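Dear colleague,

I am handing over the structure we spoke about, and you will find it just below. My notes on what was found in it follow, and I would be glad if you read them with the coordinates open.

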Amino acid sequence: MGDQAVRVGYSFWGFLGPGVVDTPDGGRSHRRTLVDGLCGIGHQVVFLQRDRDLHEAGLDLRDHYLWDAGLPELEVLILEWRWPIPGRNVGTACGAPGHTCDLHRQHELVAHYTLGQHTPTVLWDKDRRLAGDDPMRRLGNVAVCEPALHPTPGATSLLFPVADDALDEADAIELTALPRPLPLVYIGNQYDRDQAFDTFFAPAAARFSHRAAGKWPRTSRWPHVRFTGRCPFPDVELLYRSALTTVLLLPERYAAVGQMTQRLFEAVLAGCLPITPTTIVDAAWFTPLSLHASSGDQVIARVEQLVELAGTPAHADLLAACLRALDRFRLSCQLATLSRLLELLTAPATAQPASAGQPSWPASPRGQG
């Protein structure tokens with residue numbers, strides 16, 4: 001994209017606004033940030049999937065954004081990658097109860113633009129669902145991105161963006177001065193997190209007042225945990241603002257490559273300190289070492305320490321260190337990555353999969369917290 005404005009088709013299955021309660025869509029925390037950033041540097045963005053904000057949540061954003069159900073003229077295609085989900089987008093008929101057409105639409109877009117017109121395409125595999133040997137990775141007009149510190153070979157690291165203004169305006173002293181009656185909280189769904197929950201959250205939940213919000217359909221093994229179900233997206237920030245600590249729980253496929261979810265910056269920007277399992281590769285890039293834990297007992301010890309620190313200058317210093325660690329998620333950094341990718345994809349005689357290169361991160365950063 002560079003300095004030249006282009007018309008970008010953007011495919012996503014989710015919401016720009018708060019959406020509806022009973023749906024998984026972590027993209028609500030950062031999708032609009034990225035789109036507004038693209039528009040802010042001059043690009044025109046048209047959404048290519050169903051307007052779920054309007055049709056499911058009753059939020060009309062058509063004065064601000066453009067949707068197109070057809071195949072409009074585009075110069076760039078960005079895909080938030082979708083994958084087969086039996087009983088939802090495969091194995092059910094279009095129009096049947098519970099069916100979603102996200103995958104059908106993605107097939108149509110890829111066939112028309114990526115394969116048919118050789119349109120420069122950024123495939124953002126946010127859930128790590130694209131196989132390492134998928135033919136899409138070998139197309140010269142496709143750049144595969146993953147929100148991981150260590151993406152699949154040939155892919156580029158494109159992290160979930162945080163607005164620069166949000167980071168610049170966050171005040172650690174003000175945030176740590178807020179009353180935080182809840183020592184411990186977890187917000188997120190169960191998907192592939194049972195082992196991490198069992199190891200790192202459940203023991204602390206037996207010791208401290210807490211709340212676990214999200215979709216957890218199988219909870220019988222943790223009768224002592226207070227599960228409260230999904231909460232509306234706007235309530236996520238309020239819940240983090242009421243809590244002193246959270247625990248960052250990742251599926252193994254994320255932890256193994258240093259792929260952090262939006263829960264990190266949602267918590268930190270609300271002043272909730274994120275205790276970080278050391279099973280996450282390069283955990284020291286996300287949080288200060290003093291917030292790391294290698295076991296459930298260490299999580300308990302961290303919470304006890306932080307309860308003692310609450311409201312003190314040391315508490316504010318620790319949160320300030322967490323805010324500084326979010327710098328690599330800045331929107332300006334992610335836009336720069338996208339611009340480099342599009343320059344590579346649109347260069348003459350492109351014959352290999354594009355990569356903007358990976359940051360040169362040492363194995364263990366020093367001097368944090």
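**Helix 6 and helix 10**

Helix 6 and helix 10 are oblique to each other, since their axes cross at roughly 50 degrees and come within 7 Å. Please keep in mind throughout that this is a predicted model. The crossing in which helix 6 passes helix 10 is right-handed, and the contact is made by T199, F200, P203 and A204 on the side of helix 6 and by G296, V299 and I300 on the side of helix 10. For orientation, helix 6 spans residues 194–205, while helix 10 covers residues 296–309.

**Strand 8 and its partners**

Strand 8, which comprises residues 182–187, is mostly covered, with 6 of its 6 residues buried. With strand 9 (residues 210–213), strand 8 pairs in the parallel sense over 4 bridges, and within that pairing V185 stands opposite R211 of strand 9.

An open sheet is formed by 7 strands in the order 3-2-1-4-5-6-7, with parallel pairing. Its edge strands are strand 3 (66–67) and strand 7 (156–157), each of which pairs on one side only. Strand 5 and strand 6 (residues 142–146) run parallel and are joined by 4 bridges, with T121 standing opposite V142 of strand 6. Helix 1, residues 31–40, lies across strand 1 (7–11), strand 2 (44–47), strand 4 (76–80) and strand 5, and runs at about 140 degrees to strand 2.

T119 sits in the loop between helix 3 (102–116) and strand 5 (121–124). Is T119 buried or exposed? Its relative accessible area is 5%, and T119 is therefore buried, the cut-off for that term being under 20%. Leaving aside neighbours within four places in sequence, T119 is in contact with E75, V76, L77, Y113, T114 and N141.

With best regards

Methods:
Residues numbered from 1 in each chain as written. Predicted model: local features only at pLDDT ≥ 70, side-chain atom pairs only at ≥ 80, totals over all residues. Heavy atoms only, no water. Buried < 20%, exposed > 50% of the residue type's maximum accessible area, 1.4 Å probe, protein only. Helix = DSSP H or I, 4+ residues; strand = E, 2+ residues; numbered from the N terminus. Pairing = 2+ DSSP bridges. Right-handed = clockwise from strand over helix to strand, strands pointing away. Contact = heavy atoms within 4.5 Å. Axes fitted to C-alpha atoms, helices over the stretch in contact; angles between N-to-C directions. Parallel < 35°, antiparallel > 145°, perpendicular 65-115°, else oblique. Left-handed = near helix turned anticlockwise from the far one by under 90°.
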